[in-house]
Amino acid sequence: MDASIQQWWAGVPPVTKYLFAGCGVLTLAGNFGLINPRLLLLDFNSVFGQFQIWRLVSSFFFLGGLGFPFLINMMMIYQYSKNLEMGSFRGRTADYIFMLLFGGSILLAFGLFMGYPIVGIGLILMLIYVWSRKNPNENMTFMFGLRFKSAYLPWVLIGFSLLMGGNPVLELAGVIVGHIYFYLEDIYPLTGGRRFLQTPQFLKLLFQQPDVVYGTAPIAAQQAPAGRGGNQWGQGRPLH
């Protein structure tokens, strides 16, 4: 492998690395016939009737057919997951995984009962929404030179999906789930309310994450050098 590729891959944070690689490998395998793509889809009867429980995971990583939308989705997984993991969740891997598990569980329930066989798109929009709320004032540039603040990014993407003839119900579900998480984690506790979302202790022990008081960062994160690697997409960089 080329040294520059190795260096780039080594610099990808661990959770983003698994998300990006998992989506890429499983989607390519399904499209090139290495795996029957029907076995990767979320289906109520298959999960609970035939105990094909792997579908609860594969339906997040299999993104459907190949093409321009697949490339855009892969780009957004890499960019915004990395931005969160190296920014707001720096030094908080357990908290980041808990956010994914929390949002993924709600999206799974939505997909099972509403009949959506692929729910990874919803998870992508959840990540983008959370990032946009934590970084609301970044300058963004979309197609045709459209400029806006990052707080509006999820809605721009949903609007673009509508213009392209899509049905962005799953994207809207991802935004709603992202808002639920952001409200319970970042807004409600600061108003004096109870903090309902608590990362399980076993995740903190597994990833050696220290307990921190809400609103502070772990010592390792505080001492980390400030860099722009986690949020470069927001600095007026085009989305296309």
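This is a predicted model: local features need pLDDT of at least 70, side-chain atom pairs count only at pLDDT 80 or more; totals for chains, interfaces and linings use all residues.
View 1. The next two views take them one by one.

**View 2. Here is the largest cavity, with its lining residues.** Look for Leu19, Cys23, Phe60, Phe61, Leu63, Ile77, Gly120, Leu123, Ile124 and Leu127, which line the largest cavity. Two or more of the lining residues come from each of H2, helix H4 (55-61) and H7. Which element gives the most to this lining? That is H7, with four residues. Sorted by class, the lining of the largest cavity has nine nonpolar residues, one polar residue and no charged ones.

View 3. Around the second largest cavity you'll find Asp95, Phe98, Tyr181, Glu185, Arg195, Leu197, Gln198 and Thr199. H6 and H9 are the elements that give two or more residues to this lining. How many charged residues does the lining of the second largest cavity have? There are three, along with three nonpolar and two polar residues.

**View 4. Thr199, from the lining of the second largest cavity, gets its own close-up.** Thr199 belongs to the loop between H9 and helix H10 (201-206). Is Thr199 buried or exposed? Thr199 counts as buried because its relative accessible area is 11%, and the cut-off for buried is under 20%. Now find Ala94: Ala94 and Thr199 are 105 residues apart in sequence, yet their C-alpha atoms are 7.0 Å apart in space. Setting aside neighbours within four places in sequence, Thr199 is in contact with Ala94, Asp95, Phe98 and Lys204. Two of these names, Asp95 and Phe98, also turn up in the lining of the second largest cavity.

**View 5. Now for the largest pocket.** The largest pocket has a volume of about 790 Å³. Of the 31 residues that line the largest pocket, Pro69, Asn73, Ile121, Ser161 and Glu171 are the closest to its centre. H5, H7, H8 and H9 each bring at least two residues to the lining of this pocket. Which element supplies the largest share of that lining? It's H5, with eight residues. By class, the lining of the largest pocket has 24 nonpolar, six polar and one charged residues.

**View 6. Helices H7 and H8 cross each other here.** The axes of H7 and H8 come within 8 Å, with a crossing angle of roughly 145 degrees. On the H7 side, the contact is made by Leu125, Ile128, Tyr129, Trp131 and Ser132, while H8 brings Leu153, Pro154 and Leu157. By class, the contact of H7 with H8 has seven nonpolar residues, one polar residue and no charged ones.

**View 7. The last stop is the largest nonpolar core.** This core has 47 residues, and Leu84, Tyr96, Met99, Leu100 and Leu153 touch the most other members. At least two residues of the core come from each of helix H2 (14-31), helix H5 (68-86), helix H6 (93-114), helix H7 (120-134), helix H8 (153-163) and helix H9 (169-187). Where does the largest share of this core come from? Ten residues come from H6, and that is the largest share. As background, nonpolar side chains tend to be buried together in soluble globular proteins.

Terms used: Residues are numbered from 1 along each chain as its sequence is written. Side-chain values use heavy atoms; hydrogens and water are left out. A nonpolar core is a set of buried Ala, Val, Leu, Ile, Met, Phe, Trp, Tyr and Cys residues joined through side-chain atoms within 4.5 Å. Buried means under 20% relative accessible area, exposed over 50%, partly exposed in between (1.4 Å probe, protein chains only). Axes are lines fitted to C-alpha atoms, for helices over the stretch in contact, and angles run from 0 to 180 degrees between N-to-C directions. Contact means heavy atoms within 4.5 Å. Ala, Val, Leu, Ile, Met, Phe, Trp, Tyr, Cys and Pro count as nonpolar, Asp, Glu, Lys and Arg as charged, and the others, Gly among them, as polar. On a 1 Å grid over the protein atoms alone, a cavity is a set of points where a 1.4 Å probe fits but cannot get out, and a pocket is an open set with protein on both sides within 12 Å along at least five of seven lines; lining residues have an atom within 4 Å of a point. Grid points are joined across faces, edges and corners, and a volume is the space filled by probe spheres set on the points.
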